[in-house]
Amino acid sequence: MDIASLLHPKKMAVIGVSRSNDLHPANVIFVKNQLRYPVQVFPVNPKGGELLGERIYRSVGEIEGPVDLALVAVRAEQVEAVLEDCIAAGVGGAVVISGGFAESGEAGLQERIVRRARQANFPFIGPNCLGIYSPGLLDTFFLPSERMVRPEAGNVALVSQSGGFLVDMLVKFAEEGVGLRLGVSIGNKALIRETDFLRHLAEDPATAVIAFYVEGFGSGEGREFVLAARDCGKPVVILKAGTTPGGSRAVASHTASLAGDYAVFSGVMAQHGVVEARDEYEFIAFCEALSCYHGAPSGGLRLGIVSGSGGHGALAVDACSRQGLEVPVFDETTRAAIRARLSPSIQGIAGLGNPIDLTGSALEEDFVAAVEAMGALDGIDALLVLLLPYLPGISADLSARLSRLARRIGKPLFAYVPHIEKFRMLMEGFELNNVPVSSSIDGAVRMARAIARCRPCRK
Amino acid sequence: MQEMRDDIFEKSAAQGWVLEPDCLQLLAAAGLDVPRHRLAASAAEAVAFAEATGYPVVAKVVSPLVVHKTEVRGVVTGLGDAGALTRTFERLAAVEGSVGVLVEETVTGVELIVGAKHDEQFGPVVLLGIGGTGVELYKDTVIGMAPLAAADVPAMLDGLRGRRLLDGFRGAEPVNREALAALLLGFSGFVLGLGDRFESIDCNPVLCNGHRAVVADARIMLAATTGTKQK
């Protein structure tokens, strides 16, 4: 089913607006889109009248010209009739935010609207969802604009079964400087499901990473999803809720007992190159890393680490060891070659075994020299810089310089910079130059792991 | 092959699972390596097979009433002569429902489990794990969706925490990875061919040494009778 018209509507009907309740979901959605987005919006309520000086249409059929998207926020029992109106009026598709379907025992009602929509080739998202947030284009979340935290536009598309999780992720993306292409909450995913979005986003040139929060797949749906993910050519990240083994019923075979639902899920995702995040921290880190680098150069990932603090270097090595990343120790020749490039004042005190500890006396040029030297090594696939902004010898330009250097070298660079408001420019020097940066050492290592776990992708 | 399979499934439907000799026949027909074996109706037949094959041999109970053989001490290994084999034969043949005693050549090697189940979300999946009696204790397993591709196999082997066992841990001979890969791919094809007619399969243990990867025991649990869809 073609979902393109849902995602790039020119005209949207908001069905179910109230004449008296400003906080009605339909009213919130109408107002925010009218004021802030290029989409043309039309309020609809069978009673007619006016909303904030605008005519309220009695039905979607009264609206002139093709309506691309209908936002449906009416009571569950009215949804069927409203969708019938939309189909009759030739509307492109719908977002049904109304609840009261399969999630509250009304599976029959849900099944009826699905059957009808399928028959009419009418795509709809939901029910029981927030719908679509598309930066600069469209926002069907019934949360007032002033309550939302909006990430910048970017190349990560998020598809979530849970609306609450999606809203939380928008906040985290904004905090971490991860750019969003599209955020969709698909709720009960009665008709349009993860795999529909996967196929659509695979062809969307502005999407580089496709990330999913799933609670479960229907019968056979998981197989369809992983095959599409394997073939889609873009990094796919997934976070699954409900991973703890449930009450295990007595099973007659070892395989049935060992291959529980989650074990199967996890194994099959890995087999098909889908990067599974175990928690929300991994989810954000993986999205951020893969939005900058699309999969590993080849096979494993051997990291070269540089810091201005021995402790940070040691903690980073521990994190790498926990997360299964290799930090090869440099031999004497390599150490000597790196040492020769450092400032005379630190040549005698710097640790050069990998991690490289430039010490608190390091100068800006020492970081540049260390990254350049490690980047040139065949045995190093990616670089990790742990940058302490307090060091007297570095300037606020260092992060941008290192980012440019890494691009020239052609190896992924990851960075740790503590999140401190007055050193924000150091963070942005990485962030805005396409280098993933984390406020924790573990986070920076997690980002590197995302690259190691992702199968190589088409550009 | 298909006809033989259908016959075996049909006669096993009543008990809901496929007896070991039938499993071995099905897996051998699918190209998997199984021990030389004989379902012996008499002690004399068991001894004749053992003498032709070479001692020691393994003897196992075969009864539609016994799903878990170890619970009736139904698997006896290391039978080194005709006397020991005959005594064991008499005991196993007396187990309720016995339809004969399965006598097998002795194969040694690293014990793995290879299994399959029909997953609701993903369809047929194949499991590989460090196996034998400790399988549920270690829970060291990897899972892939069938059909497995040749490239999936090395990733699965490397996904085991105990993968060093395969490389010749503590002076043991490394297992033959090609043989193990062939077994996994053959098994994946076999599983796919069954469609939704099975619920789960255990090949446990699969014994791997420097030469062979052998399914030393197997059980196929059938899907509930067609028509009554399982939950």
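Colleague: At what angle do helix α3 and helix α4 of chain A pack?

Modeller: This is a predicted model, in which local features need pLDDT of at least 70, side-chain atom pairs count only at pLDDT 80 or more, and totals for chains, interfaces and linings use all residues. Residues are numbered from 1 along each chain as its sequence is written, while chains are lettered from A and ligands numbered from 1 in the order in which they are written. Helices (H or I, at least four residues) and strands (E, at least two) are DSSP runs, numbered from the N terminus. Axes are lines fitted to C-alpha atoms, for helices over the stretch in contact, and angles run from 0 to 180 degrees between N-to-C directions. Here α3(A) (residues 76–89) and α4(A) (residues 107–119) pack at about 10 degrees, with their axes 10 Å apart. Angles under 35 degrees count as roughly parallel, over 145 as roughly antiparallel, 65 to 115 as roughly perpendicular and the rest as oblique. The angle therefore makes α3(A) roughly parallel to α4(A).

Colleague: Which residues make the contact between α3(A) and α4(A)?

Modeller: Two residues are in contact if their C-beta atoms, placed from the backbone, lie within 7 Å. From α3(A) come Ala76(A), Val79(A), Glu80(A) and Leu83(A), and from α4(A) come Leu109(A), Arg112(A), Ile113(A), Arg116(A) and Ala117(A). By class, this contact has 6 nonpolar, no polar and 3 charged residues; Ala, Val, Leu, Ile, Met, Phe, Trp, Tyr, Cys and Pro count as nonpolar, Asp, Glu, Lys and Arg as charged, and the others, Gly among them, as polar.

Colleague: In what order do the 7 strands of the open sheet in chain A lie?

Modeller: Two strands pair if DSSP finds at least two bridges between them. The order is β9-β8-β11-β10-β12-β13-β14 in chain A, with mixed pairing. At the edges are β9(A) (138–139) and β14(A) (275–277), each pairing on one side only. Within the sheet, β10(A) and β12(A) pair in the parallel sense over 5 bridges, and Ala157(A) has Ile210(A) of β12(A) as its bridge partner. Helix α5(A) (residues 163–176) lies across β8, β10, β11 and β12 of chain A, at about 160 degrees to β11(A).

Colleague: Which residues of helix α6(A) are buried?

Modeller: A residue is buried if 20 or more other C-beta atoms lie within 10 Å of its own, exposed if 12 or fewer, and partly exposed in between, with C-beta atoms placed from the backbone. In α6(A) (residues 194–202), Glu194(A), Thr195(A), Phe197(A), Leu198(A), His200(A) and Leu201(A) are buried. These residues pack against α1, β10, β11, β12 and α7 of chain A.

Colleague: How many residues of strand β9(B) are buried?

Modeller: In β9(B) (residues 198–208), 10 of the 11 residues are buried. Strand β6(B) runs antiparallel to β9(B), joined by 7 bridges, with Val110(B) opposite Cys208(B). Strand β11(B) pairs with β9(B) in the antiparallel sense over 5 bridges, and Ile201(B) stands opposite Ile220(B). A hairpin through 4 residues joins β9(B) to β10(B).

Colleague: How many residues of chain A are in contact with chain B?

Modeller: On the side of chain A there are 20 residues, in contact with 28 residues of chain B. The elements of chain A giving two or more residues to its side are α7, α8 and α9. That side has 9 nonpolar, 9 polar and 2 charged residues.
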